[in-house]
Amino acid sequence: MCLGLICALFLASGLLGACEACKPENTGYLLEISYDPAYVTIAAQAEGSDIVVAGTVVREDPAKWNSADGTRSGEAALAYTTFYVEPAEMLQGTPAWGTPIAVRAIGGVLDDGSSFRLNGETAPLKVGDEVILFGTAAARWGELAVYQPAEAYWLTADANSVWVKQGDRYVSKGHTEAEDDRSLTLEEFKARLAEAAAPATSS
């Protein structure tokens, strides 16, 4: 049931069907999702995102299950964490719900100490991180799911949509199709976005 739900929800967004059910483990729950590599390029993510922001993670909400009461409500339930990013610069789009910008990520450590991990990680962000990230306002993970706050972005392609600053460069937390996109300065990132936005020219 969980397998069909996840793949059906995300195939249109570029995910492959190699998804696994939410499996309980000794340390919590594990979800595996595979992506079409073409979907995680900077150009493809820019096209599929409402915002691209460079900023700092200033706080996070406790991880919750996506149910009305915040508890696990069946095999298809997911845990998520909401992070708040104070923008230093908007590289694309305008925040729809003010700042700091609320951004959801699948996973987290729950109140009972158990973890919900996506592709082995509980969360791609932490408070204090200086980041560049892609966000989408598109609804995800089922019509009956309940999220707090209701008005927040999702990471467009989970950890693949996050670059964290290390020194003077931003380093990808996920997969990049082009090796040159794994580590970028802010100016290089802006150049990639400008290339993505430029109209195609016929030869």
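Modeller: The questions and answers below set values against definitions.

Modeller: This is a predicted model, in which local features need pLDDT of at least 70, side-chain atom pairs count only at pLDDT 80 or more, and totals for chains, interfaces and linings use all residues. Residues are numbered from 1 along each chain as its sequence is written, and side-chain values use heavy atoms, with hydrogens and water left out.

Biologist: What is the mean pLDDT of the protein, and where does pLDDT stay under 50?

Modeller: pLDDT is the predictor's confidence in each residue, from 0 to 100. The mean for the protein is 86, and 85% of the residues reach 70 or more. Over residues 1-21, however, pLDDT stays under 50.

Biologist: Why is S67 called buried?

Modeller: A residue is buried under 20% relative accessible area, exposed over 50%, and partly exposed in between (1.4 Å probe, protein chains only). S67 has a relative accessible area of 11%, and therefore S67 is buried. S67 lies in the loop between β4 (64-65) and β5 (79-92); strands are DSSP runs of E with at least two residues, helices are runs of H or I with at least four, and both are numbered from the N terminus.

Biologist: Which residues does S67 touch?

Modeller: Not counting residues up to four places away in sequence, S67 touches S73 and V146. Contact means heavy atoms within 4.5 Å.

Biologist: What makes a set of residues a nonpolar core?

Modeller: The set must consist of buried Ala, Val, Leu, Ile, Met, Phe, Trp, Tyr and Cys residues joined through side-chain atoms within 4.5 Å. The largest such core has 20 residues, of which L31, W65, I106, F116 and W141 touch the most other members. Two or more residues of this core come from each of β2 (28-31), β5, β8 (115-118) and β10 (153-159). A second, separate core of 15 residues includes F83, I101, L125 and L155.

Biologist: Why are N119 and D158 placed in separate accessibility classes?

Modeller: N119 has a relative accessible area of 35%, so N119 is partly exposed. D158 counts as buried because its relative accessibility is 6%. N119 is found in the loop between β8 and β9 (130-136), whereas D158 is found in strand β10.

Biologist: What is noted about phi in N119 and D158?

Modeller: Most residues other than glycine have a negative phi, and most peptide bonds are trans. Phi of N119 is near 50°, a positive value, and D158 has a positive phi of about 55°.

Biologist: Why does S172 count as buried?

Modeller: The relative accessibility of S172 is 8%, and so S172 counts as buried. S172 touches V162, W163 and R182, not counting residues up to four places away in sequence.
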